[in-house]
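I opened the model to look up how its parts pack against each other. My notes follow.

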Protein chains: 2
Amino acid sequence: MKDTVKPDGRGPKGSPAAPAVKRSRIQTRNRKLILDAALEVFSTHGFRGATLDQIATEAGLSKPNILYYFDGKEAIHVTLLNKLMETWLDPLEQLNPQGDPLDEILAYVRRKLDMAQAYPRESRLFANEILQGAPRMAPHLEARLKPLVDAKATLIADWAEAGRIAPVDPRHLIFSIWATTQHYADFEAQVNVLMPEGGVFPGAAGYLETMYRRMLTV
Amino acid sequence: MKDTVKPDGRGPKGSPAAPAVKRSRIQTRNRKLILDAALEVFSTHGFRGATLDQIATEAGLSKPNILYYFDGKEAIHVTLLNKLMETWLDPLEQLNPQGDPLDEILAYVRRKLDMAQAYPRESRLFANEILQGAPRMAPHLEARLKPLVDAKATLIADWAEAGRIAPVDPRHLIFSIWATTQHYADFEAQVNVLMPEGGVFPGAAGYLETMYRRMLTV
DNA sequence: TCGTCAATTTACCATTTGGTAAAAAACAAA
DNA sequence: TTTGTTTTTTACCAAATGGTAAATTGACGA
């Protein structure tokens, strides 16, 4: 019997992430089902706390069928993390050196808050990974996030230097933007206890705009 | 044979948290060892990701010996969470209605940041629990945290009303303080990648004081 | 120093979990 | 419809995991 060929075109235990082969309709659909289910499960239980059975049930597929599409639990997690990284970097990448400094930063805050609202599961997946010491993401952080943050920190420092925003440590500014926006996704369970009235995001948007405006206005 | 009596004075599967019986030196020492080991393990892997074997190894005890001191994995986790809640509430409780509003809030920020630095594992234990939907802490949040936050939010609203600090939504202010301070503990793995130079906390303290001063100064 | 209770170890067990092999079913090109 | 391929199911397995029973060792007051 010849080796089973997995739908992503890799042989058994193959590794390249890039889809070397065009996927069938069924493959496309089921991979999406699995990744969506896995996002749900990993983001609420963390990697070790999630089980393939949970993912299978959530996806409406059998466990062996899931392992037909992915090489294992870890491969699913890694796939999610890889996809996530680009999405996560995007709002910061959009910070425009040519724009008005205050507007740019406030727009960045806005984008991050919108993402926390639109993609809370992704935010929690990321939070879980970092909380646990970034075991599978550390290389990514080093290779992709760090250079981007370095570049944008320099940009913000230049803006401050030129007196176009108030003096500020760019890195701590970025940390505080991440922390305050992602908080509404990551700590949703707590926020919901303390602000029961529906729709916390409009208030959050107003608060954060005010805070960073007061922080950065010269 | 008579029922084995556990060292906390409860019979098998007993429940009261209060130590009904004074503990021996050995009990005190070993319970501490276990709780410390469990804090380490739970805070990095989450509840489901942690194993009794890990905790046992970390504590330097055997697994059955651990189950001699605690009714099970869940009981250890609950014990940690209960202890944690009081520690966690304390800095906010200290917010003094008689003090100068700006000073009081800045001191609160300072206390929270100091806690993130001194007790990062506790911060991550808490973050893990909330991330996963607060399954074992929701009652606590409702019963202890919510009343406190309500009270302090009213206090801050009064300060703003009286023009002693700039107008602000008190609850979002509190959220942002939690988010920005705990970020340095919870996302330590990421922070360390982006700010390799040792000692991020002095810079964080300076940044946060500046931010909340600018935010709240009338 | 002896006896008793506390503490610990040894030897297990049932379930859960990630994963596999191989057969069966569904599908698609001819 | 036939044939080769893709997809799914069935039936497993080995390791890990939470937990227990009972025997063994240790501490310590009378």
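I take contact to mean heavy atoms within 4.5 Å. By that rule, the contact takes 54 residues from chain B and 54 residues from chain A.

This is a predicted model, in which local features need pLDDT of at least 70 and side-chain atom pairs count only at pLDDT 80 or more, while totals for chains, interfaces and linings use all residues. Residues are numbered from 1 along each chain as its sequence is written, chains are lettered from A and ligands numbered from 1 in the order in which they are written, and side-chain values use heavy atoms, with hydrogens and water left out.

I looked up the buried area (accessible area, 1.4 Å probe, that two parts lose on being put together, summed over both). Chain B and chain A bury about 4,800 Å², 69% of it on carbon and sulfur atoms. On the chain B side, Leu131(B), Leu194(B) and Arg214(B) lose the most area to chain A, together 16% of what that side buries.

I then checked salt bridges (a side-chain nitrogen of Lys or Arg within 4 Å of a carboxyl oxygen of Asp or Glu). The count between chain B and chain A is 0.

Next I took a helix pair, helices being DSSP runs of H or I, at least four residues, numbered from the N terminus. Axes are lines fitted to C-alpha atoms over the stretch in contact, and angles run from 0 to 180 degrees between N-to-C directions. Helix α4 (residues 73-93) and helix α6 (residues 120-131) of chain A cross at roughly 110 degrees, and their axes come within 10 Å. I therefore noted α4(A) and α6(A) as roughly perpendicular (angles of 65 to 115 degrees).

Note on methods. Helices (H or I, at least four residues) and strands (E, at least two) are DSSP runs, numbered from the N terminus. Angles under 35 degrees count as roughly parallel, over 145 as roughly antiparallel, 65 to 115 as roughly perpendicular and the rest as oblique.
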